[in-house]
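Please have a look at the model on the screen before I go through them.

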Amino acid sequence: MKTTLANTTISAIRGDISDQKDIEAVVNAANAELKSGGGVAGALHRAAGSGLAEECRPMAPIRPGEAVISGAHNLPNTHVIHCLGPVYGKDKSEALLLKRCYLNALSLAEQHNIKSIAFPAISTGIFGYPIEETADIIISALKEKIPESEVIKEVRFVLFSENDLKFYEEKVVGGI
Ligand code: AR6
């Protein structure tokens, strides 16, 4: 499913963030150390190879809400943007920190002339953020950044489960 916001295509698909061949930058739901882990971080680091963690080491640690950019190594992309989402119930305020992740990732894409970017559902796995509470946050970040962007032409949300995809179709892409 897709829509447009200020000439940028916004879509949601079900898939694996480490297998987005036609996208320039993929976003990692990272840990503070920028190492491999479970979920998205594990999938991206496995597919990228050990060079990704090596490149990231000097940039770590990062704090909740922050984002850094690296090369994509063996991934079929040009860049990885690593965002540390908030741990729900621990990092305050979660909503502000989650919004900063999306804003910072989009700013980095803009600065690096990245035309297409794919996001996973940051913080909604191991970090426990209820996905239902994330839609308004994501939409407000998109509405803040996309209309002022002259670079970003495609934003894709890549969801792992059918239920998450349905939610994004209704409330994120459908809510724009
Ligand atoms: N592609 C797309 N989505 C995925 C994939 C994948 N390959 N794998 C999982 N998801 P999570 P977080 C979904 O836990 O909550 C890591 O271990 C998943 O179902 O990856 O920000 C790091 O090292 C969920 O909906 O990220 C950190 O310590 C969403 O992606 C910590 O977990 C995010 O799940 C980060 O936790």
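In this predicted model, the side chains of Glu162 and Arg14 meet in a salt bridge, with 3.1 Å from N to O, where a salt bridge means a side-chain nitrogen of Lys or Arg within 4 Å of a carboxyl oxygen of Asp or Glu. Glu162 lies in helix H5 (residues 162–173) and Arg14 in strand S2 (residues 8–14), so this pair ties together parts that are 148 residues apart in sequence; helices (H or I, at least four residues) and strands (E, at least two) are DSSP runs, numbered from the N terminus. Glu162 is partly exposed at 37% relative accessibility, and Arg14 is partly exposed at 48%, given that buried means under 20% relative accessible area, exposed over 50%, and partly exposed in between, with a 1.4 Å probe and protein chains only.

Glu144 and Lys99 also form a salt bridge through their side chains, at 2.8 Å from N to O. Here Glu144 sits in helix H4 (residues 135–145) and Lys99 in helix H3 (residues 94–111), so that distant parts of the chain, 45 residues apart, are linked. Glu144 is partly exposed, at 42%.

Which residue forms a salt bridge with Glu94? That partner is Lys92, with the closest N and O atoms 3.1 Å apart; Glu94 is buried at 11%, whereas Lys92 is exposed at 58%.

The structure holds ten salt bridges.

As for the basis, residues are numbered from 1 along each chain as its sequence is written, and side-chain values use heavy atoms, leaving out hydrogens and water. Because the model is predicted, local features need pLDDT of at least 70 and side-chain atom pairs count only at pLDDT 80 or more, while totals for chains, interfaces and linings use all residues.
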